[in-house]
Amino acid sequence: MTSPRRIVVAPDSFKGTISAADTAVAIAEGWVRTSPADRFTLRPMADGGEGTLDAFEKAVPGAQRMTVRVTGPAGLPVTSSWLKLPPMDELPGGTGVVELANTSGIELLGDERRGTDASTLGFGQAIAAALAAGVSRIVVGIGSSSSTDGGIGMLTALGARFLNDFEASIAPGAVGLDEVHSVDLTALKPLPAGGVTVLTDVTNPLTGPEGAARIFGPQKGLDDEQIARADAGLGRLAAALDAEDLAERPGAGAAGGTGFGLLVWGAELVPGSAAIADLTELAGDIATADIVVTGEGRYDGQSEAGKAPAHVAQLARAAGVPVQIVAGAIDADTSSFAGAVSLTELAGSSEAALADPARWLRDAGERLAR
């Protein structure tokens, strides 16, 4: 009789479709149709984008959701939340975890895209709420952004002033970058004693061919002319802050330049998927596994650049454990995986896969278990 296998299921969310936690459950439910004796460890992942709060909440006992009302990316109020982690000896006020995705994220806009005027103001307001609550450290996830504002909305909420030639405040969003003449940081809130750690999944600089506007602008609704203007505006912002050196840092272009804004504040950027894997002690689970399954909405050329499935696969291969992948769509070589399933191919179309992702994730789990 074959011994039960130990399966670690560690997917990212299928952004805007199904959460990482529900994805892991669906894969396991399908798997047991084929192999009911196998045992599962579910470790929902994130890389700083959608699902970051969920990953921390699941991993840290005593984590508490804190509701906050902020200005959403379209300028309208939205109800959001941040996470307060329990105090530690070196962090008596605890840690605040803030997610850009649920305060200023692209999913909050639905099918609408507001590439020129979407703002990170709400993200900054949630950070300010965590500071006001007295946390000793802040961790922020900045994936899934809707804007290309260089973080000016966030910094404005924290006390900075961005001024035009007439010493008036500039407009929100990328369009405001056209007007930047000077910046006043005298009222900018200080970092908490334990600092600010930024979880990001990209390494792009602020400007240039690989910068925030040119690489990520199209998915946020910017056309070619608007991309060129936003790129120039981001350069103008860096010059006004006398921070051209920070603009070249890996990750400065993350979240439409919000990575740059956080660097200006004094934050530290780290790979998001690695930080969350460390928090959840994923490597230890993988070391005792027979198979690892990971996944995300689209597996493509960007997936290897810091995305959660790439880090999960790296940990599995380092431990000598076969790793499989499930994705909504696959547009990259998967020959290094022990198995790969595209929900679009299973369902027959992307529309069918999106209509009922849990169903097709179960089917994917059933197929991978064979």
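This is a predicted model: local features need pLDDT of at least 70, side-chain atom pairs count only at pLDDT 80 or more; totals for chains, interfaces and linings use all residues.
Q: Why are α1 and α15 called oblique to each other?
A: Helix α1 (residues 20-34) and helix α15 (residues 357-368) pack at an angle of about 45 degrees, with their axes 6 Å apart. Angles under 35 degrees count as roughly parallel and those of 65 to 115 as roughly perpendicular, and α1 and α15 are therefore oblique to each other.

Q: What makes the contact of α1 with α15, and how do its residues divide into nonpolar, polar and charged?
A: On the side of α1 the contact is made by Thr-23, Ala-26, Ile-27, Glu-29, Gly-30, Trp-31, Arg-33 and Thr-34, and on the side of α15 by Ala-358, Leu-361, Arg-362, Asp-363, Gly-365, Glu-366 and Leu-368. The residues of this contact divide into six nonpolar, four polar and five charged, with Gly counted as polar.

Q: Why are α10 and α12 also described as oblique?
A: Helix α10 (residues 272-279) packs with helix α12 (residues 308-318) at an angle of about 55 degrees, their axes being 8 Å apart. Since roughly perpendicular begins at 65 degrees and roughly parallel lies under 35, α10 and α12 are therefore oblique to each other. Their crossing is right-handed.

Q: What makes the contact of α10 with α12, and how many of its residues are charged?
A: Ser-273, Ala-274 and Ala-277 of α10 meet Ala-308, His-311 and Leu-315 of α12. These residues divide into four nonpolar, two polar and no charged, given that Asp, Glu, Lys and Arg are those that count as charged.

Q: What lines the largest pocket, and which residues lie nearest its centre?
A: The largest pocket, with a volume of about 1100 Å³, is lined by 37 residues, of which Lys-15, Ile-106, Glu-107, Gln-219 and Arg-298 lie nearest its centre. The elements that give two or more residues to this lining are α9 (254-265), β11 (291-299), β12 (323-330), α13 (343-347) and α14 (350-355). The lining residues divide into twelve nonpolar, 15 polar and ten charged.

How values were computed: Residues are numbered from 1 along each chain as its sequence is written. Side-chain values use heavy atoms; hydrogens and water are left out. Axes are lines fitted to C-alpha atoms, for helices over the stretch in contact, and angles run from 0 to 180 degrees between N-to-C directions. Helices (H or I, at least four residues) and strands (E, at least two) are DSSP runs, numbered from the N terminus. Angles under 35 degrees count as roughly parallel, over 145 as roughly antiparallel, 65 to 115 as roughly perpendicular and the rest as oblique. Contact means heavy atoms within 4.5 Å. On a 1 Å grid over the protein atoms alone, a cavity is a set of points where a 1.4 Å probe fits but cannot get out, and a pocket is an open set with protein on both sides within 12 Å along at least five of seven lines; lining residues have an atom within 4 Å of a point. Grid points are joined across faces, edges and corners, and a volume is the space filled by probe spheres set on the points. A crossing is left-handed if the near helix is turned anticlockwise from the far one by less than a right angle, and right-handed if clockwise.
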